[in-house]
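User: I would like to learn how to read helix packing and pockets in a model. Could you take me through the general idea and then the case shown here?

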Amino acid sequence: MSDYDGIKEREDGKKKMPIGMTVFFLGLVIFGFVYIYLYMPATTGWTQLGQYERKSAAITAPAAPVEQKPAVKAMTADEQRIAKGKEIYAAECAMCHGEKLEGALGPALTGPAFLYGGEVKDLIRTTSGGTQAGMPAFEKQLGPEKIRDVALYIRSLRKK
């Protein structure tokens, strides 16, 4: 045994590294090489600035509109869809926009001018993607068909 500063150590313990520590050390080395490879701009093109720009662009860009069927004008005359839209509006939208679209917590939806556009495609885009002014996105909650029905209902009551 060696003695240094009053601490006694065994000689045979100094020569072997525990197997758990060896595996952990080698795992860290491998992880380090993989990490360096994946996040070097020279190998993958990834940068923190690029990541930041993609995220900020996704926040500021308007949401992609829900696909519309070609006969949108024909659907506006469909009374069944408008009736379904009225039911959905009463359940999901009336708490913020009022029962008669007069506005409450959210703005009035009677028109004649809308901040984000008053056509059916604009109403679908706004309802599905939400707005920066505080309207949440309803695309996942309602789905494209229900959003289209609500947009048709709102458009049918619009003041000219």
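**Reading helix contacts and a pocket**

Analyst: In this predicted model, a helix contact can be read from the residues that meet: Val120, Leu123, Ile124, Thr127 and Ser128 in H8 lie against Ile147, Arg148, Ala151, Leu152, Ile154 and Arg155 in H10. By class, the residues of this contact comprise 7 nonpolar, 2 polar and 2 charged.

User: How are the axes of H8 and H10 placed, and at what angle do they cross?

Analyst: The axes of H8 and H10 come within 9 Å and cross at roughly 130°. Angles from 65 to 115 degrees count as roughly perpendicular and those over 145 as roughly antiparallel, and H8 and H10 are therefore oblique to each other. The crossing of these two helices, H8 and H10, is right-handed.

User: What is the arrangement of H6 and H10?

Analyst: The axes of helix H6, residues 79-92, and H10 come within 7 Å and cross at roughly 100°, and H6 and H10 are therefore roughly perpendicular to each other. On the H6 side the contact involves Arg81, Ile82, Lys84, Gly85, Lys86, Ile88 and Tyr89, which meet Glu145, Lys146, Arg148, Asp149, Val150, Leu152, Tyr153 and Ser156 in H10. The residues of this contact of H6 with H10 divide into 6 nonpolar, 2 polar and 7 charged.

User: Turning to the largest pocket, what is its volume, and which residues are the closest to its centre?

Analyst: The largest pocket has a volume of about 570 Å³; of the 27 residues that line it, His97, Gly106, Pro107, Leu109 and Met135 are the closest to its centre.

User: Which helices supply at least two residues of that lining, and what classes of residue does the lining hold?

Analyst: Helix H7 (94-97), helix H8 (120-129) and helix H10 (144-156) each supply at least two lining residues, and the largest share, 4 residues, comes from H8. The lining of the largest pocket has 18 nonpolar, 7 polar and 2 charged residues.

Methods: Residues are numbered from 1 along each chain as its sequence is written. This is a predicted model: local features need pLDDT of at least 70, side-chain atom pairs count only at pLDDT 80 or more; totals for chains, interfaces and linings use all residues. Side-chain values use heavy atoms; hydrogens and water are left out. On a 1 Å grid over the protein atoms alone, a cavity is a set of points where a 1.4 Å probe fits but cannot get out, and a pocket is an open set with protein on both sides within 12 Å along at least five of seven lines; lining residues have an atom within 4 Å of a point. Grid points are joined across faces, edges and corners, and a volume is the space filled by probe spheres set on the points. Ala, Val, Leu, Ile, Met, Phe, Trp, Tyr, Cys and Pro count as nonpolar, Asp, Glu, Lys and Arg as charged, and the others, Gly among them, as polar. Axes are lines fitted to C-alpha atoms, for helices over the stretch in contact, and angles run from 0 to 180 degrees between N-to-C directions. Angles under 35 degrees count as roughly parallel, over 145 as roughly antiparallel, 65 to 115 as roughly perpendicular and the rest as oblique. A crossing is left-handed if the near helix is turned anticlockwise from the far one by less than a right angle, and right-handed if clockwise. Contact means heavy atoms within 4.5 Å.
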